[in-house]
Amino acid sequence: MSITLADIFRARQTMAGVATRTPLVPSPFLSKLAGHDFLLKLEITQPIGAFKLRGAANAVFSLPEGTRGVTCCSTGNHGRGVAYAARARGIPAIICMSSLVPQVKIDGIKALGAEVRIAGASQDDALAESQRLCQTEGLTEISPFDDPFVIAGQGTIGLELMEDRPDLDTVLVPLSGGGLAGGIAAAVKAINLKTKVIGITMDRGAAMHQSIAAGHPVEVEEVASLADSLGGGIGLDNRLSFALCSDLLDDTLLVTEEEIYRAMQTLYYEDRIIAEGASAVGVAALLSGKLAGKLGELQGPVAAVVTGRNVDMVVFTRIVNGMDVALGDLKVRGQSHGA
Ligand SMILES: *Cc1c(COP(=O)(O)O)cnc(C)c1O
């Protein structure tokens, strides 16, 4: 099973009025560095502050008439997307979380009209509760990345990119479960095979990168990162996103925590953009010189998908001020902008 351009066009119609078309804006500072137009695809302007609303809206609005409700176990942007889309359709959503999830995340999801169910003390317990709700209450679970409707929804970003700039040489996409990169690559490659699509992730716990290298899904240890939205595995029984990413991505590239830190700072000072760590990895690839290291000299316009802005503002303001950041076992040394 694959994702076609027709699936992606249909997703655009299905999600219309819930998820929005987002701007593609040039960064003068980054363009100068790249030697070509360097464009930012601002998914931070979606109603939930992240692109995940596209896939969630397509999945929720594609469910048959009479659907009882939906559930998932994401504490992050997917949970927000499912909650928002379910409210827009007028069906209940129950988002399952472990007792370790901080209150602000619980409040954020509740504010979008969803019920929050606290189950156990791990992500596995929360997932088990979500699956139980499917059995006992007839809810439908929506996967964050391994679902054809979710992938087609994320693919609408690729469609918009190619409509706005058909001359794109390279698209830089943050990579975790691969629904985003797989969907974008499906759209971009269907329109122009020559446009390169590069998946970028943090060097700690890069599940899709390691799985592509191994030729099959592998498990990785989950560790703290500034790019918290890129954490987690791809599922050993992955059905769709692994095959899409290994077939369609031109390459994958890893960036360090220090490089993500600097990219968040640069986007703020040079472009006045608040980006969470996961969404700054494309800019980190450029700033670190790793993009040129991988592709050689850039051949034309580049677009980086700035995927979300849902960052802890205490962490973010420390980065803006060049201060050290501690997250779990992780310490990222501070550095001032331009230093
Ligand atoms: C989920 C997410 C990603 C990665 O998307 P996948 O489909 O899991 O690869 C990137 N950035 C942000 C902000 C996200 O929430």
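Hi everyone, and thanks for coming. Some ground rules before the tour. The model is predicted, so local features need pLDDT of at least 70 and side-chain atom pairs count only at pLDDT 80 or more, while totals for chains, interfaces and linings use all residues. Residues are numbered from 1 along each chain as its sequence is written, and side-chain values use heavy atoms, with hydrogens and water left out.

Let's start with the domains. The domain assignment, which is automatic or taken from a database, gives domain 1 as 5-51 + 147-325 and domain 2 as 52-141. Their centres, taken over C-alpha atoms, are 24 Å apart. Domain 1 brings 27 residues to the contact and domain 2 brings 16 residues, where contact means heavy atoms within 4.5 Å.

Now to the sheets. Helices (H or I, at least four residues) and strands (E, at least two) are DSSP runs, numbered from the N terminus. Two strands pair if DSSP finds at least two bridges between them.

Strands β3 (residues 70-72) and β4 (residues 93-97) pair over 3 bridges, and Thr-71 stands opposite Ile-94 in β4.

For angles, axes are lines fitted to C-alpha atoms, for helices over the stretch in contact, and the angles run from 0 to 180 degrees between N-to-C directions.

Which residues does α8 use to meet α7? Among them are Gly-179, Gly-182, Gly-183 and Ala-187 of α8, facing residues of α7 that include Gly-155 and Gly-158. The contact holds 9 nonpolar, 6 polar and no charged residues. In that count, Ala, Val, Leu, Ile, Met, Phe, Trp, Tyr, Cys and Pro are nonpolar, Asp, Glu, Lys and Arg are charged, and the others, Gly among them, are polar. The axes of α7 (residues 148-164) and α8 (residues 179-191) are 7 Å apart, at an angle of about 45°. The two are therefore oblique to each other; angles under 35 degrees count as roughly parallel, over 145 as roughly antiparallel, 65 to 115 as roughly perpendicular and the rest as oblique.

Next, α1 (residues 5-15) and α3 (residues 52-62) pack at about 80° with axes 9 Å apart, so α1 and α3 are roughly perpendicular. Ala-11, Thr-14 and Met-15 in α1 meet a set in α3 that includes Arg-54 and Phe-61.

Last stop: α11 (residues 257-271) and α14 (residues 313-320) cross at roughly 80°. Tyr-261, Tyr-268 and Tyr-269 of α11 are among the residues in that contact, along with Phe-316 of α14. It divides into 7 nonpolar, 1 polar and 1 charged.

Thanks, and happy to chat!
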